[in-house]
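Trainee: I'm new to this one, could you walk me through it?
Mentor: Gladly, let us look at it together.

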Amino acid sequence: MDKLKKKKVNQDMFFIHENIFDHTDNYIIGVCDGHGPFGHLCSEYIANIFNTRFQSTYKSSYITKTLPQIVSSTFSSITHSLLAVQTIDTLISGSTLDVVFILQDKLICANVGDSRCVLGIENDNDNIKDKYTYIELSKDHHPDDPKEQERIVKKGGTIKQRYDKLLKKYIGPKRVYVKNMDVPGLAMTRSVGDEIGRGVGIISEPD
């Protein structure tokens, strides 16, 4: 008889909000991919509060800040809010956050982590084989990126592959660790949450 495998918890969440600021052409669309033991709670929390937090930040600062600055402030606010929630253990848990804002004639993509956003533009020419042209809007935040590496190392972190004791070798993608420790082992350099990782350069500043 095959051993029953424990069902993996789905840590992905998404949200779609219409009529932002009571305008029919305004949308917020987002994806959160949780990680760690409580990643599903992190992504759910972020998805539930993002729209309210963004609109509140916008209304309080739209006169003095640009839209990208307001988006950045929203990401920062959500991170601090998540870390303060006592019912969610964010020590080694967190989430990516990839959001697209469609605000009348503006489209802004903001992301932390490695969840991707791609814009598909329909081709008018019927002779073209592919119906759509694709443009990547988001940027993956991986430890392989030299600029991301620099920040992690300056903060006292280290970047390496995970060591498999059974195979006695390093395997998989490069990850972020606290020096001389086996945590957090995060395969990205930016996220929402991840309290231990934030001590070694993990940030929630979006691109």
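Trainee: Is Asp105 buried or exposed?
Mentor: Asp105 is exposed, at a relative accessible area of 69%, where exposed means over 50%, buried under 20% and partly exposed in between, using a 1.4 Å probe and protein chains only. This is a predicted model, in which local features need pLDDT of at least 70 and side-chain atom pairs count only at pLDDT 80 or more, whereas totals for chains, interfaces and linings use all residues. Residues are numbered from 1 along each chain as its sequence is written, and side-chain values use heavy atoms, with hydrogens and water left out.

Trainee: Which side chain does Asp105 meet in a salt bridge?
Mentor: That of Lys106, at 3.8 Å from N to O; a salt bridge here is a side-chain nitrogen of Lys or Arg within 4 Å of a carboxyl oxygen of Asp or Glu. Lys106 is partly exposed, with a relative accessible area of 47%.

Trainee: And how many salt bridges does the structure hold?
Mentor: It holds eight, including one between Arg190 and Asp207, whose closest N and O atoms are 3.9 Å apart. Arg190 lies in the loop between strand 10 (184–186) and strand 11 (192–193), and Asp207 in the segment after helix 4 (195–198), so the pair ties together parts 17 residues apart in sequence; helices (H or I, at least four residues) and strands (E, at least two) are DSSP runs, numbered from the N terminus.

Trainee: Switching topic, what share of the chain's residues is buried?
Mentor: Of its 207 residues, 40% count as buried, and Arg190 is one that does, at 10% relative accessibility.
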